[in-house]
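Colleague: Please take me through the reading of this model, feature by feature.

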Amino acid sequence: MPVRVKKLIGTVLLVLLVIVYALIATMVAVAQLSQSGPVTHLLFFFLSGLLWILPAMWIIKWMVKPSKTASR
C-alpha cells in the first residue's frame, strides 16, 4: 500500500479514535463519577487523557512503517 494512502487512512483513524474515545470517556465520567470528589475526577481525567495515546501510537507506527513492496 502506498505511504500516502496509509497516511490518509491513519489520519482518518486518528480523528475517529479521538472523537469516539472522548465520547466514551465523557459518558463513563458522567455515569460513574457524579458523586465523586475532585481528586477522583482529576485522576480519572488524567488517566483517560493519557490512555488514548496507546492506540494512537499503534496507528502512527502503522502509518510510517514502509510497505513490504517498497523494500524490494
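**Helix packing**

Modeller: Angles over 145 degrees count as roughly antiparallel, and α1 and α3 are therefore roughly antiparallel to each other. The model is predicted, so local features need pLDDT of at least 70 and side-chain atom pairs pLDDT 80 or more, while totals for chains, interfaces and linings use all residues. Residues are numbered from 1 along each chain as its sequence is written, and side-chain values use heavy atoms, without hydrogens and water.

Colleague: At what angle do helix α1 and helix α3 pack, and how far apart are their axes?

Modeller: Axes are lines fitted to C-alpha atoms over the stretch in contact, with angles from 0 to 180 degrees between N-to-C directions; helices are DSSP runs (H or I, at least four residues) numbered from the N terminus. Helix α1 (residues 3–32) and helix α3 (residues 53–64) pack at about 170°, with axes 9 Å apart. Contact means heavy atoms within 4.5 Å; the α1 side includes I9, L13 and L17, and the α3 side includes I59 and W62.

Colleague: Which residue lies over the face of W62?

Modeller: A charge sits over a ring if NZ of Lys or CZ of Arg is within 6 Å of the ring centre and within 35 degrees of the ring normal. Here K6 lies over W62, 5.2 Å from the ring centre.

Colleague: Is S48 buried or exposed?

Modeller: Buried means under 20% relative accessible area, and exposed over 50%, with partly exposed in between (1.4 Å probe, protein chains only). S48 belongs to helix α2 (residues 38–51) and counts as buried at 10% relative accessibility. Not counting residues up to four places away in sequence, S48 touches Y21 and A25.

Definitions and conventions:
Helix = DSSP H or I, 4+ residues; strand = E, 2+ residues; numbered from the N terminus. Parallel < 35°, antiparallel > 145°, perpendicular 65-115°, else oblique.
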